[in-house]
Amino acid sequence: MTLILIGFMGVGKSTVAQTLAQGYQLSLCDLDQVIVREHGPIAKIFEQRGEAGFRQLEYDNLTQCLQRGPDILALGGGIIETPASRQLLQTQPQVLWLKGSFELSWQRISHDTGRPLVDTLTRDGLRQRFERRQELYAEVATAQLVLTDPVPAPADLAAELHR
Ligand code: S3P
């Protein structure tokens, strides 16, 4: 069974995925990384195809990744904005919503480059996305894990997941 990780940018999805994968020798698919390997930088995809084009790529790669059935699948924070992707996620038995405050995400992402939404939206615009997405994450999540700083060690994560 694949454990799918969702949540807002900067909450720690990729770190949690890597921590679990390395700690327990699990196979991992990081959807953004798959897309970048095949199509180049995300900022460039947004530039050339727009956000809608990127969302389509996310959906296509989501279906392919699910077919491969990795132990862990980390998704980009905005995938739940696409109705077809949400529908697909709702058929999955284990979708873990990594939940953190907007402040936590903002601290981590505001100085990064390469995230087109962070580069183009104001802090308020990004906060609005954050607010709007909460109910979409809730729609597809089968469980939640509240994260603070720093991301827990593998054993603590596993303990949390088994609670
Ligand atoms: C996005 C999140 C990013 C990436 C893209 C769009 C979003 O992934 O997919 O920049 O819309 O929230 P992370 O959540 O891994 O940063």
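Two residues are in contact if their C-beta atoms, placed from the backbone, lie within 7 Å. The model is a predicted one.

**Binding site**

By that contact rule, Ser14 meets Asp30 and Ala74, leaving aside neighbours within four places in sequence. Ser14 sits in helix α1. An unreviewed UniProt entry lists Ser14 under "binding site", along with Gly10, Val11, Gly12, Lys13, Thr15 and Arg115. Arg115 is in the loop between α5 (102-109) and α6 (116-120).

| Residue | C-beta neighbours inside 10 Å | Class | Contacts beyond four places in sequence |
|---|---|---|---|
| Ser14 | 17 neighbours | partly exposed | Asp30, Ala74 |
| Arg115 | 21 neighbours | buried | Met9, Ile109 |

Arg115 has 21, so Arg115 counts as buried. Ser14 has 17, so Ser14 counts as partly exposed.

**Nonpolar core**

The largest nonpolar core holds 30 residues. Those with the most contacts inside it are Ile4, Leu5, Ile6, Leu73, Leu75, Leu96 and Leu98. Two or more core residues come from each of β1 (3-6), α1 (13-24), α2 (31-39), β3 (72-74), β4 (95-99) and α7 (123-140). In soluble globular proteins, nonpolar side chains tend to be buried together.

Which residues does Leu5 touch, not counting those up to four places away in sequence? They are Lys13, Val16, Ala17, Ile72, Leu73, Ala74, Leu75, Leu96 and Leu98. One of these, Lys13, also belongs to the UniProt "binding site" annotation.

Methods: Residues numbered from 1 in each chain as written. Predicted model: local features only at pLDDT ≥ 70, side-chain atom pairs only at ≥ 80, totals over all residues. Core = buried A, V, L, I, M, F, W, Y, C linked by C-beta atoms within 7 Å. Buried ≥ 20, exposed ≤ 12 C-beta atoms within 10 Å, placed from the backbone. Helix = DSSP H or I, 4+ residues; strand = E, 2+ residues; numbered from the N terminus. UniProt positions renumbered as here; feature names shortened; annotations may be inferred.
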